[in-house]
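Here is a set of questions and answers on one protein chain. Look over the sequence and the model before reading on.

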Amino acid sequence: MAASEPDSRLAVFLKSGTYRLDEASAFFIDPVRVLNRSYTRFRVSPSAYYSRFFPYSNPSICNPHVSPKNPKKRKFRGQDKKISQALNSREQLADRRHQEARMGLLKAHEALLGDSDLLGVLRNLRGDGDENHGEMTSDLDFVKLGSVWQAPFYEIVLKVGDDGSAAENAGIGSSYQREVPVFDNFIAIESSHDIEAELLDHKYILPKKSCVYMSDLRQIHKLIPAESDCGFNLIVIDPPWENSSAHQKQKYQTLPNKYFLSLPVKQLTHSSGALVALWVTNREKLRTFVENELFPKWGVKSAATFYWLKVKADGSLIGELDLFHHRPYECLLLGLVDGKGMDFEELQKPIGIPDNQVFISVPGDHSRKPPIGELLLDYIPGPKPARCIELFAREMTEGWTSWGNDPLHFQDSRYFIPSRAKRPCGPRQGANCNDSRKPSSRRWF
C-alpha cells in the first residue's frame, strides 16, 4: 500500500527537519534535524539544543481575549478600544503591524494543532533517548578573549581524522592536526566530514564544507571580495540590537543601532544581486530605523516579512499572542540588493517572495535563531548553488561563511554527541569556499 501524503511528508521531515503545514503558508522546523545535515561523525544533541524548559499548557489556539496567567480576566472590546486610544503614535503603528500579521499567525498555529502526526513527533523532540555527553563547562568568552593584547597569538588546533579529504590531500598520513590563529583569520573547512578543534582546553565541532572568520566589526572589511562575482547572494544578519533584557541577563553584548550602518552589505553582494534577511525584534523604534535608515544605507529594497512563531513541545504558544510587549514571535525582514553586473531587464524582473510567511519551531537557547537558509533558497538572485554568509553568527553551517566575534559559541562540543552511524552527506546550502575573495591569511582543511 502506498504511503499517504501525511506519512510521506512526515518521512521527509524526519530526514530534512522541515515540514510544510497544510492549508497555511507555513512551515514547521526542527533545527536539530536541519543542523545535523551539516555533520557526519557528530550530531547536535537534542537535550542540549532544547535546553530551556517551557511548561506545557492546554494546546489550544490562542484566545486574544484571555490572559494565560489569569484565564478569568477578560478584556472586552470596549476596553480594547480604550487601550488602543491610549497608545501613542509609535505604539499604534506597532499594533497595526501586529494586526496585519495575527491572522496568518493564528492560521499557521491552527494548522500545527490540527496535524496529529507532527504533534506526535513534536512532543519527543528532546526525549529520543540521547544524552549530552559533553562536559558542562562554562563557555569561552570570545568577545573578551579577542579584545586582549594576546588575541593575535591565540591558536585553535584543527584535527582532521583519517576519513577527511584534507588529510588525504596533505600527503602526511591518514590524520593530522594543525594550529592556526583563531582571531582575524579566515578558516575554510574543505573536508567532507566534520572535524574536531581545540582551544584553551575547550573542544569544538566544526561542520564540513564551512568557513569561519572571527573578528570584531572593525575587521569585517576583510570579507569584501576582490571580485564581485565572488560575493554573496544570500546574506543573513542577526545583529546584537540594543536590548535591555539581553543586557540584564548578560547573554551577549549589544551595540547601538548606529554601528550597523557601517556594515558593507552592498560590497559583500554578488554581481547578480543578493537577498538580505535581517532579524529584528518587535520594537517599533527598531522597525522604523531599519526601514528609514538602515536598508537605504545598505542599498536594500524591502521585499517581504517572514515571522518566526515560537511554540512549546505540546504545540501551544510560548506566550499570549496579543501581549503587547512580549509577543511569541519574531520578524525576519527580507530585502533585495541589485547586482553590479545586472542589465536593465534583470533589474526589472521581480522575484516573487511571498509576504507574511510563517515558520514555527520550539526555541533553543536564548537569542539562538532557527536555521532558515533553505526556506530562502527559492528567492535568491544569481547563480546556484547560492553563496551564503551569516553576519553576527553564533554557529556554523555547511556551505556557509560565518562571521562575527562569537561564531564558535554553539560549536562547543557539549552541544554535540557522537553519531551512532555515519550518514551520507546531505545536500549543501551554499557554495564551496575556495575562491579568490579570501584574505591572504586563509587556511584550508
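**Loops, helices and cavities**

Asp-184 is found in the loop between strand S7 (176-181) and strand S8 (186-189). The model is a predicted one.

Q: How many helices and strands are there in the chain?
A: The chain has 445 residues, and 52% of them count as buried. Among contacts between residues at least 6 apart in sequence, 76% join residues at least 24 apart. The elements in the chain number 13 helices and 20 strands.

Q: Is Asp-184 buried, partly exposed or exposed?
A: Asp-184 has a positive phi of about 50°, although it is not a glycine. Most residues other than glycine have a negative phi. Buried means under 20% relative accessible area and exposed means over 50%. Asp-184 has a relative accessible area of 28%, so Asp-184 is partly exposed.

Q: In which loop does Leu-200 lie?
A: Leu-200 is not a glycine, yet its phi is positive, at about 50°. Its relative accessibility is 42%, so Leu-200 counts as partly exposed. The loop that holds Leu-200 is the one between strand S9 (195-199) and strand S10 (202-206).

Q: Where is the place of Pro-385?
A: Most peptide bonds are trans. The bond from Lys-384 to Pro-385 is cis, with omega near 0°. The place of Pro-385 is the loop between helix H13 (373-376) and strand S17 (388-391).

Q: Are H5 and H11 roughly parallel or roughly perpendicular to each other?
A: Two packed helices are described by the angle and the distance between their axes. The axes of helix H5 (residues 89-113) and helix H11 (residues 284-298) come within 9 Å and cross at roughly 85°. Angles of 65 to 115 degrees count as roughly perpendicular. H5 and H11 are therefore roughly perpendicular.

Q: How many residues of the contact of H5 with H11 are charged?
A: On the H5 side, the contact is made by Arg-90, Leu-93, Ala-94 and Arg-97. On the H11 side, Glu-284, Lys-285, Arg-287 and Glu-291 make the contact. By class, these residues are 2 nonpolar, no polar and 6 charged.

Q: What is the volume of the largest cavity?
A: Rolling a probe the size of a water molecule over the atoms shows where empty space is left. The count comes to 7 cavities of 30 Å³ or more. The largest cavity has a volume of about 260 Å³.

Q: Which residues lie nearest the centre of the largest cavity?
A: The lining of the largest cavity has 9 nonpolar, 4 polar and 6 charged residues. This lining is made of 19 residues. Those nearest the centre are Lys-369, Pro-370, Pro-371, Glu-390 and Glu-395.

Q: Which element gives the most to the lining of the second largest cavity?
A: The second largest cavity has a volume of about 110 Å³, and its lining includes Ala-94, Arg-97, Glu-284 and Arg-287. The elements that give two or more residues to this lining are H5, H11 and strand S15 (329-337). With 4 residues, the element that gives the most is H5.

Q: How many residues of the lining of the second largest cavity are charged?
A: Among the residues that line the second largest cavity are His-98, Thr-281, Asn-282 and Arg-327. Tyr-307, Tyr-329 and Cys-331 also line this cavity. The lining divides into 5 nonpolar, 3 polar and 4 charged.

Definitions and conventions:
Residues numbered from 1 in each chain as written. Predicted model: local features only at pLDDT ≥ 70, side-chain atom pairs only at ≥ 80, totals over all residues. Heavy atoms only, no water. Axes fitted to C-alpha atoms, helices over the stretch in contact; angles between N-to-C directions. Parallel < 35°, antiparallel > 145°, perpendicular 65-115°, else oblique. Contact = heavy atoms within 4.5 Å. Nonpolar A, V, L, I, M, F, W, Y, C, P; charged D, E, K, R; others polar. 1 Å grid on protein atoms, 1.4 Å probe; cavity = no way out; pocket = protein on both sides within 12 Å on 5 of 7 lines; lining within 4 Å. Points joined across faces, edges and corners; volume = space filled by probe spheres on them. Buried < 20%, exposed > 50% of the residue type's maximum accessible area, 1.4 Å probe, protein only.
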